[in-house]
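I opened this entry to record what I looked up in the model, starting with the ligand surroundings and going on to the helices and the sheet.

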Amino acid sequence: MKGLFRGLATTLSTAFRRPVTLQFPEVKHELPVRQRSFPVLTWDFDHEEPFCTGCMVCVRNCPVECMTAVMQDNPKYPLGQSNRRKIIEKFWIDYGRCMRCNICVEVCNFEAIVMDNTWGGHEHSAFDRRDLHKDLDDLTRASREGRLPAPFRPIDALEASVARLEGKEAPEPGMKGARPEARQAQFERIAAGQGAGIQEREPEPGALKAAAAAAGAGADEELAGLSEKKLRAKRMRAEKEARELAIAEGRDPEAAVAEARKAFEASVSGGGAPRAAAGPAPAAAGAKGDPNSPSKLRARRMRAEREAREKAIAEGRDPEAAVEEARAAFEASLGGAPAAAPGAAAAPAAADGDAPSDKKLRAKRMREEREARDKAIAEGADPEAAVAEVRAKWGVQ
Ligand code: SF4
Ligand code: SF4
């Protein structure tokens, strides 16, 4: 008996409760911000054509392969009526297969496709599956008719989430395909300091830096904003080119290098004080990447010596004397200070490193013997005598 009354009480209480259902389709629930129905194409009201260029990126990325696109040359482009060279000619999406994954929206570079987040996007029921094949006209209709006031895009949801976390009002989602008046409203919103719309991308940090540096007084436009590392690389390239040119023209390469460095410093600092990267500073160097560090100076000296030796051999001069000469010239170019501890200059074995091992010394001697032999053969002299001469120089029997 008690249970009977409890059941009746439950029935009566629900009979007078406000219904949770609505009279669909006359009355509809407000859709959640992040809901999404099917992808649709957006319309460019400035040029009266779709934003889609038919680039096929979305087609290739669709996991269920329900999209097909055909590109064509834009007939408006030669007439100067559009800035798109290519435009979509045909586009189909099979809504019967689409799983509404949103991937096509995320990969599109032109913001040409969005998820329809209106009730219109949901109401596609049909008796025949073939009626779910949507063509270009179907896909652009919602945007063309202005029935797409706030299409779902991931960035919109992201901005909304960030704003919510920060306790701010979520910015209204924006879109390229909005009607001009809607876009104008968005610009006003941005001007009022509210959240930027999706098309107002953040400038690249590098671009900002370059712009700030370019605003600096007198700096060379091309060099403005470059990091110290890049400036140094540029300077070294300029010096190398100057040296090669001077050698080719028979001028003094060291003077040419000094000139190139001076010109570079002037262009970087706008004629003012040279920047840190430009100075020779042979002794103070040492930091990683410093072109004047001891190890790099040593490498440069060794390269100069090697070149001098090869040149001397080719010209039939004494290679050792040429090496001595190159070393002296190198040290003179550093202001007379042998910063890189070139080692014992007199010993023929000291050129391949600070502490050459026995193995290296032997290899060097054998190389000299081979060179001497080759040279003697080429000149018709006695190769054995030439080798003996080298071995005597090295103190080997
Ligand atoms: S939402 Fe996903 S399944 Fe549907 S068309 Fe786009 S990529 Fe394909
Ligand atoms: S919707 Fe975007 S990604 Fe797909 S074809 Fe058009 S421009 Fe390319």
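I counted a residue as near a molecule if its C-beta atom, placed from the backbone, lies within 6 Å of it. The model is predicted, so I noted that local features need pLDDT of at least 70 and side-chain atom pairs count only at pLDDT 80 or more, whereas totals for chains, interfaces and linings use all residues. Residues are numbered from 1 along each chain as its sequence is written, while chains are lettered from A and ligands numbered from 1 in the order in which they are written.

**Ligand shells.** I looked up ligand 2 and found 13 residues around it, of which Cys 52, Cys 55, Cys 58, Cys 108 and Ile 113 come nearest. I classed Ala, Val, Leu, Ile, Met, Phe, Trp, Tyr, Cys and Pro as nonpolar, Asp, Glu, Lys and Arg as charged, and the others, Gly among them, as polar. On that basis the shell of ligand 2 holds 11 nonpolar and two polar residues, with no charged ones. Around ligand 1 I found 14 residues, with Cys 62, Cys 98, Cys 101, Ile 103 and Cys 104 coming nearest, and this shell divides into 12 nonpolar, one polar and one charged.

**Secondary structure.** I took helices (H or I, at least four residues) and strands (E, at least two) as DSSP runs numbered from the N terminus. The chain has 13 helices and seven strands.

**Helix pair.** I noted that H10 (residues 294-315) packs with H11 (residues 319-333) at an angle of about 145°, the axes being 8 Å apart; axes are lines fitted to C-alpha atoms, for helices over the stretch in contact, and angles run from 0 to 180 degrees between N-to-C directions. The residues of this contact divide into nine nonpolar, no polar and six charged. With contact meaning C-beta atoms, placed from the backbone, within 7 Å, the H10 side includes Arg 301, Ala 304 and Glu 305, and the H11 side includes Pro 319, Ala 322 and Phe 330.

**Sheet.** I traced an open sheet of three strands in the order S4-S5-S7, with antiparallel pairing, where two strands pair if DSSP finds at least two bridges between them. The edge strands are S4 (67-73) and S7 (133-134), each pairing on one side only. S4 pairs with S5 (residues 86-94) over seven bridges in the antiparallel sense, and Asp 73 has Lys 86 in S5 as its bridge partner. I also noted that H4 (residues 136-144) packs on the sheet, touching S5 and S7, and that its direction makes about 100° with that of S5.

Key
Contact = placed C-beta atoms within 7 Å.
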